[in-house]
Amino acid sequence: MCLPVTRYHEFAEIMHELRIAEDLISIVTETATEEGLKKVAKVSVCFGEMVQIDCGCFEVAFSEFVKGTIAENAEIDIEIIPVTAVCNNCKCDYKISNITFTCPECGSGDICILSGKELFIKSIEGD
Amino acid sequence: MEIKILKNILNKNQNMAVQVREHLRGKKILMVNIISSPGAGKTTLLEKTCEALTNRFRIGIIEGDITTDRDARRLQKYNIPIVLINTGGGCHLDSYSISRALESLDTDNLDVVFVENVGNLICPAQFDLGESFRLALLSTTEGDDKPAKYPMIFREAEAVILNKTDLIPYTNFRKDNFKADLARLNKNYHLFEISCTRGNGLTDWFTWIGGKIEDVRKS
């Protein structure tokens with residue numbers, strides 16, 4: 001005798017670029033409304049390299065999802081942030097390249113990631 | 001007019017993940033987020049794990065599956081509570097779907113929840129589900145370059161399982177390359193080299209995960 005399986009359909013789960021674009025636009029429209037903007041002309045975001053966002057896919061999703069919103073035709077500005085870290089052992093800070101996360105000075109793996117995992121909205125512009 | 005915002009775009013997912021983590025901590029439940037490519041052996045690993053641990057622990061499963069219930073049906077024979085989330089093409093689970101799935105589970109009577117994420121090495125890595133830790137599963141037939149190609153998941157995994165080690169002689173998988181890349185990415189992982197079909201290395205995994213479940217139960 002087996003327990004029945006509880007089954008859900010979650011069609012809100014979409015490609016992550018689409019999901020990120022969707023969440024971004026809800027922040028943009030909420031902020032624009034709060035600030036009394038009538039039109040959003042530009043949205044600036046930054047993505048860390050580690051997040052591996054496909055910018056082309058993201059831009060297409062963004063341009064589709066803004067249709068019919070206050071941000072229709074808004075320009076999207078994407079800044080890619082490199083992965084950087086500070087070593088907890090020798091305190092040096094460095095840029096991580098070629099997936100080597102260990103400290104280039106002392107070889108320690110006890111490090112703190114400073115940047116590279118961002119998925120941030122920085123600002124919106126409009127009037 | 002420019003308006004500065006500086007906000008995490010996935011803020012809503014993150015906030016829900018924090019709530020899920022708090023809820024599970026209160027119930028003393030370990031939740032493992034299993035991430036791998038399609039076909040790496042997530043469901044087979046769960047079958048073996050259920051076979052070995054259902055007599056010691058109360059296990060619940062959250063199955064992420066794009067469209068079918070095949071994985072969930074494979075696990076039904078263990079007579080454990082299973083919640084299936086069909087994502088309809090979506091490439092990852094998020095904390096909202098996990099929160100809803102947990103509502104269907106009797107969390108007063110569980111020690112561990114295994115979440116089988118949708119088979120994918122990129123997208124699931126961005127979405128915190130509120131799990132206790134992430135388990136990255138790789139099979140040898142996928143190639144030894146996967147940690148280098150998908151650094152985020154291998155960097156953040158507390159446990160890495162290399163499955164299908166019995167097939168290494170028939171592939172060009174180089175274990176030394178794999179381990180060297182992994183060591184450059186992550187200094188704090190536990191590696192298990194297993195073959196689910198042959199049973200190699202599984203005892204170490206059962207001992208380790210059993211210890212993790214016990215630690216949370218006693219916390």
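A:Ser115 is buried, at 12% relative accessible area (buried means under 20%, exposed over 50%, partly exposed in between, with a 1.4 Å probe and protein chains only). This is a predicted model, where local features need pLDDT of at least 70, side-chain atom pairs count only at pLDDT 80 or more, and totals for chains, interfaces and linings use all residues. Side-chain values use heavy atoms, leaving out hydrogens and water, residues are numbered from 1 along each chain as its sequence is written, and chains are lettered from A and ligands numbered from 1 in the order in which they are written.

The residue belongs to strand S6 (residues 111-115) of chain A; helices (H or I, at least four residues) and strands (E, at least two) are DSSP runs numbered from the N terminus. The A:Ser115 side chain reaches the backbone oxygen of A:Pro82 at 2.8 Å. With the side chain of A:Thr84 it makes a polar contact at 2.7 Å (a pair of N or O atoms within 3.5 Å; within protein, one must be able to donate a hydrogen and the other to accept it, and residues adjacent in sequence count only if both atoms are side-chain atoms). Leaving aside neighbours within four places in sequence, A:Ser115 is in contact with A:Ile81, A:Pro82, A:Val83 and A:Thr84 (contact means heavy atoms within 4.5 Å).

## A:Glu105, out in a loop

Now for an exposed residue: A:Glu105 has 63% relative accessibility. You'll find A:Glu105 in the loop between strand S5 (93-95) and S6 of chain A. Beyond its neighbours within four places in sequence, A:Glu105 is in contact with A:Cys90 and A:Cys92. Its C-alpha atom is 8.8 Å from that of A:Cys87, 18 residues away along the chain.

## Nonpolar cores

The largest nonpolar core holds 33 residues, and those with the most contacts inside it are B:Ile59, B:Ile61, B:Phe114, B:Leu135, B:Trp205 and B:Ile209. Such a core is a set of buried Ala, Val, Leu, Ile, Met, Phe, Trp, Tyr and Cys residues joined through side-chain atoms within 4.5 Å. Helix H9 (residues 202-218) of chain B supplies the largest share of this core, six residues. A separate core has 30 residues, including A:Ile25, A:Ala61, A:Val66 and B:Ile3.

What does B:Ile59 touch, leaving aside its neighbours within four places in sequence? The list is B:Cys50, B:Leu53, B:Thr54, B:Ile80, B:Pro81, B:Leu110, B:Val112 and B:Phe114.
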